[in-house]
Amino acid sequence: MQVLRVCPKVRKPAAEVEGRQARPGAARSLPPSLQPSSHCPAEGRRAPRSVQDFILMADSKPLLSRDGDPMAAEALLRDVFGIVVDEIIWKGTSASEKVCEWKEPEELKQLLDLELRSQGEPQEQILERCRAVIHYSVKTCHPRFFNQLFSGLDPHALAGRIITESLNTSQYTYEIAPVFVLMEEEVLKKLRALVGWSSGDGVFCPGGSISNMYAVNLARYQRYPDCKRRGLRALPPLALFTSEECHYSIKKGAAFLGLGTDSVRVVKADERGRMIPEDLERQISLAEAEGAVPFLVIATSGTTVLGAFDPLEAIADVCQRHGLWMHVDNLLKYCHGSQASYLFQQDKFYDVALDTGDKVVQCGRRVDCLKLWLMWKAQGGQGLECRIDQAFSLTRYLVKEMKKREGFELVMEPEFVNVCFWFVPPSLRGQQESPDYSERLAKVAPLLKERMVKEGSMMIGYQPHGTKSNFFRMVVANPALTRADMDFLLNELERLGQDL
């Protein structure tokens with residue numbers, strides 16, 4: 001065990017700490033591990049401390065701070081939440097405000113004053129720090145933020161996150177998170193029902209990458225359960241199959257789990273980005289011929305860039321023919337469980353099946369279910385369905401308006417709420433047959449992205465794809481979006497690119 005020894009530059013008299021008098025009493029001896037250090041390496045000088053100093057620190061009243069002062073804490077939090085309401089909920093969702101206030105890294109460091117010092121700051125300064133953090137952050141709740149697969153601000157979800165962060169619990173046992181253990185079960189049950197499953201198991205994960213790693217680990221365990229104990233020694237060469245349009249976390253997960261990226265066999269996709277079942281059959285046969293054991297197929301519903309949906313039924317037929325799919329109840333706990341005796345005691349006074357923490361690879365796990373549960377309670381299934389319908393309706397509207405305007409060219413007709421397109425500036429229109437057309441077109445999206453971000457007018461992601469030059473990927477996800485926002489996007493691209 002390491003003991004932190006503090007060597008202050010200025011040592012106060014033993015009888016005075018923050019102006020408080022020491023309590024009378026004889027000095028007591030300390031165990032060797034807690035004896036004060038006679039030398040402070042950082043200072044290069046002796047820092048004498050008496051046993052009485054340590055007794056004084058342990059026996060004295062709390063130091064002057066907001067810790068343990070409910071009134072001071074309330075005042076601070078009310079002020080901070082007032083800033084959140086003003087700067088995020090009002091300004092951050094207003095189309096008349098900027099999406100972001102771009103600054104170069106070195107300038108931003110100076111503006112934020114990121115250095116951590118030995119002395120604390122007054123509340124007024126802390127509040128200004130909060131304002132600065134919000135001011136220079138990207139407003140993902142803004143109606144002109146189209147950059148990621150997420151956007152918008154739901155007040156009920158925000159309320160849920162405030163509650164979970166305030167309670168600051170960890171969701172591994174029923175005894176410390178009873179409400180959230182039961183709540184997560186109910187939300188997962190409802191989500192399974194939406195895809196037609198009457199039974200099953202699950203957990204909320206920090207994100208899609210971890211979820212995909214879970215999928216690989218569970219499939220490997222289902223096929224070779226001894227690998228949990230013996231590791232890679234228990235495994236033959238394995239092969240998993242996924243589309244060339246899959247999320248990049250599949251290969252990362254294979255590397256992380258010791259399978260290696262070579263174990264990932266990439267299956268061809270059609271012109272719309274969907275896995276081709278016939279090529280999956282071919283890849284499985286090829287892997288078997290090379291001595292590898294196929295054990296998993298990972299399909300995708302809504303690929304990251306094109307928003308494509310793999311043909312799940314045809315893929316499931318291939319899996320069934322080759323024995324690559326099997327449903328096993330409680331596989332999560334069998335695969336990941338370690339039965340830590342200080343958490344998952346089997347003689348507790350309640351049903352220990354509610355201690356869900358042994359199903360995950362994490363120990364502590366933050367609560368993620370409340371914000372979805374609270375939003376679902378407020379909106380109802382019908383309200384959430386209306387949001388999805390609205391997103392698809394706006395997607396169709398955007399595509400229709402693009403086709404009316406010169407300079408906008410779809411990469412493909414969208415299958416989901418991802419709209420992939422090129423903006424062709426005036427100088428390149430009609431130049432498609434030029435030998436350098438693709439090279440010049442590839443420079444347009446990065447330049448327009450720089451302009452929009454530095455002005456703070458909007459944010460859209462872009463990327464190349466295979467042999468296709470850089471194009472924009474517009475994601476219609478914010479439930480607060482309107483047709484006016486779609487029109488603004490088109491008008492703004494025309495304005496930003498009119499001189500190109």
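This dialogue works through several features of a predicted model.

Student: What conventions apply here?

Tutor: In this predicted model, local features need pLDDT of at least 70 and side-chain atom pairs count only at pLDDT 80 or more, while totals for chains, interfaces and linings use all residues. Residues are numbered from 1 along each chain as its sequence is written, and side-chain values use heavy atoms, with hydrogens and water left out.

Student: How many helices and strands are in the chain?

Tutor: Helices (H or I, at least four residues) and strands (E, at least two) are DSSP runs, numbered from the N terminus. The chain holds 16 helices and 12 strands.

Student: What span does helix α13 have between its end C-alpha atoms?

Tutor: The expected span of a helix is 1.5 Å times one less than its number of residues. A straight helix of 36 residues would span 52 Å, but α13 (residues 369-404) spans only 43 Å. A bend is the angle between axes fitted to the seven residues ending at a residue and the seven starting there; α13 has a kink of about 90°, centred on G380.

Student: Is strand β11 largely enclosed or exposed?

Tutor: Buried means under 20% relative accessible area, exposed over 50%, and partly exposed in between (1.4 Å probe, protein chains only). In β11 (residues 459-465), 5 of the 7 residues are buried, so the strand is largely enclosed by the rest of the structure.

Student: Which strands pair with β11?

Tutor: Two strands pair if DSSP finds at least two bridges between them. Strand β5 (residues 145-146) pairs with β11 in the parallel sense over 2 bridges, and F145 stands opposite M459. Strand β12 (residues 468-475) runs antiparallel to β11, joined by 4 bridges.
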